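Please read them with the coordinates open.

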Amino acid sequence: MIDKRPIRRALISVYDKGGLDGLLKKLHEEGVTFISTGGTQTFIRSLGFPCEVVEDLTGYPSILGGRVKTLHPKVFGGILSRRGEQEDGLQLQHYGIPEIDLVITDLYPFEQTVATGAPTEEIIEKIDIGGVSLIRAAAKNFADVVVIASKGQYETLGKILEHSGAVSTWAERRMLAQEAFAVTSGYDTAIYRYFSEGERQVFEEGYFRMAIDNPLPLRYGENPHQQACFYGNLAGVLSQFHGKEISYNNMLDIEAALCLIGDFKETTFAVIKHNNACGIASRTTVEEAWTDALACDSVSAFGGILVTNTEVTGKAAESIHTIFFEIILAPAYTENALTILKQKKNRIILVYNSQVELPHKQYRSLLNGALVQDRDDSIQTSSDLQILTVRKPDAREIEDLLFANKVVKHSKSNAITLVKNKQLCASGVGQTSRVDALRQAIEKAKSFGFDLQGAVMASDAFFPFPDCVEIAAEVGITAVIQPGGSVNDALSVGSCDKHGLAMVKTGVRHFKH
C-alpha cells in the first residue's frame, strides 16, 4: 500500500456549481487537468480553465435526455484501475483509458424535489444514476483515488491542496470515502422511503431504513461518563436564544414537554421533570397558567423544564425568573420577557416551531436491533367517552376528565393523575401498581394543600380491581376516566355507583415506558 498519491487528472460533474470556482482555481494551479460533462464543462471553461469533454474520451454523446453521460468503461476504468496492479495498467494502455485520480460530483436534489410536491415524473428524473456510480467507484478505489461526493467536502479538499499540494494520503482518501458512502446510503434511503410512502410501510414490507446526517454533539449522555449526540435537523424544531449547551437528558425532557403541550389548545403552562409533568394548568392568561402550574408542585419545579403554548409576557417572566429552572420553551417571547429571562447566563431559552409535525413513527434501539412503533397521537374528546355509571359527569367534570386524560397519557406507567378545574393536583407515576400510583398522588396533593373534593381521576390503563375507586371515593374524587378492558370492569363500575362517582371509558390505553 502506497500512502501518498498524486492528483493529475480530475473528473468533475456536478449539479450545483456553487463554491466550485475556488476549488478549480487551486487544482489548476497545481497542474491538475479536468474532464467534465455538459453544464459543468461549460462552467469550467467559462472560468478560463481548459477542460476535456467526456464525450471526446468515450466516443459517445450524452444520450437519453442526459440519463447516460459518464456510464462508460473509459470513465470507470480510469477510476477503478488499481495503480499497483500491472495487469490493470496494461489494460488501460491497450484501451486508451487515462487514469482518473480525483472525482468531484454531487447528486440530483431528490429529497428537495419531493419536498416541493413535484409530479412523479419529475421526482423520478431526480434519481441520480451516474453520480452515485461515480461516487461508489471512486470510494471503492480510495487506495488510489480521491472522492468528493458533496459540496460539504470542498473545504476538506481545499485544505489538502493548501497543505500538501495535489497529493493525498491514504488516511485522507479513506476518510473521504467513508463520507462518500454516507452520502450514497443516505440518498438511497431517501429514495426507498419515497417509494414506501414515507413511514407507512415499515411494518408491512419488513424493511427498516433510516439515514440522518449532521450530528449535534451533546454535553454528555444520561450520565457524564457517557458520550452522546443528536442526529437530525434540530433547527427545524427549535431555536436557542440563550444559555448553555443542551444535554442528552435535556433533549428527552424537551420532547416530553413538546408532546404534552401539543395536546392542549387553551393557554396552558406545564413544568416537566424527568419526562413527567409535575405541574400543568390551563387558564385565560399565560400569567395565570404559570402561577397555577407552579402551585401543583413548587418543589419538583426546581431545575425543571418549563413549556407553554403561548407567548411569554414580561409579567409572566418576572414571576418565572424567581425560580431556578433549566429550560423554558415557548412559541414566542416579548422583548421584555427575554430581557428578564436572559439575566441567568446558563438558562436555556428556546423557541419551538409549533407548525412542525413530529414523525409518526418512534424508534428505540433494543438488544441487537430496534423497536418501531406508531407514535401515540390519539387524543380523546367528549364524543369518545362512554358513560358506564348511573351518575353522568357534569360539564365541568368532563372538561377535567379530558384534561387529566391528556396528562396521564404523557406520564410514565403505571400512572394516575388527579385534576380539578383544569389544574393538575398531583400525579403518581412510574409505579409498579396502580394502587401505589394513586396513593402517591393523593399524598402529594395533600402535601401541597389541594382539596380533592370534586376532583377527577385519570388512569393510563384499566383498573383490574375496584380498590382504586374505593380509595378515590374516600378522598372526595367524583369522576373517573379510564380505557376499560378489564374482565373486572363491572366491579369498578359497581363501586362507582355505590359511592356516587361517575365513570367514563375511552377504549384507548395510554401506557408509556
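1. Gln153 is placed in the loop between β6 and α9 (154–164); helices (H or I, at least four residues) and strands (E, at least two) are DSSP runs, numbered from the N terminus. With a relative accessibility of 3%, Gln153 counts as buried (buried means under 20% relative accessible area, exposed over 50%, partly exposed in between, with a 1.4 Å probe and protein chains only). Neighbours within four places in sequence aside, Gln153 is in contact with Val147, Ile148, Leu176, Glu179 and Ala180, where contact means heavy atoms within 4.5 Å.

2. On provenance: this is a predicted model, in which local features need pLDDT of at least 70 and side-chain atom pairs count only at pLDDT 80 or more, while totals for chains, interfaces and linings use all residues. Residues are numbered from 1 along each chain as its sequence is written, and side-chain values use heavy atoms, with hydrogens and water left out.

3. Five strands form an open sheet in the order β4-β3-β2-β5-β6, with parallel pairing; two strands pair if DSSP finds at least two bridges between them. β4 (52–53) and β6 (146–148) are at the edges with a single partner strand each, so one side of each has no neighbour in the sheet. Three bridges join β5 (residues 102–105) and β6 in the parallel sense, and the bridge partner of Val103 in β6 is Val147. Helix α8 (residues 130–140) packs on this sheet, touching β2 (9–13), β5 and β6, and its direction makes about 150° with that of β5. Axes here are lines fitted to C-alpha atoms, for helices over the stretch in contact, and angles run from 0 to 180 degrees between N-to-C directions.

4. What is the volume of the second largest pocket? The value is about 450 Å³. On a 1 Å grid over the protein atoms alone, a pocket is an open set of points where a 1.4 Å probe fits, with protein on both sides within 12 Å along at least five of seven lines; lining residues have an atom within 4 Å of a point. Grid points are joined across faces, edges and corners, and the volume is the space filled by probe spheres set on the points. The lining has 25 residues, and Gly66, Lys69, Tyr108, Asp128 and Gly130 lie nearest the centre. Elements giving two or more residues to this lining are α2 (38–46), α7 (120–125) and α8.

5. An open sheet of six strands runs β10-β15-β14-β13-β11-β12, with mixed pairing. Its edge strands, β10 (238–242) and β12 (276–282), each pair on one side only. Strand β11 (residues 268–273) pairs with β12 in the antiparallel sense over six bridges, with Ala270 opposite Ile280 in β12. Helix α12 (residues 248–261) packs on the sheet, and its direction makes about 150° with that of β11.

6. Some backbone values deserve a check. Most residues other than glycine have a negative phi, and most peptide bonds are trans. Asn275, in the loop between β11 and β12, has a positive phi near 75° and counts as buried at 16% relative accessibility. Leu367 has a positive phi near 50°; Leu367 lies in the loop between β16 (361–366) and β17 (369–374) and counts as exposed at 86% relative accessibility. The peptide bond from Ser413 to Asn414 is cis, with omega near -10°, and Asn414 is in the loop between α16 (395–409) and β19 (416–419).
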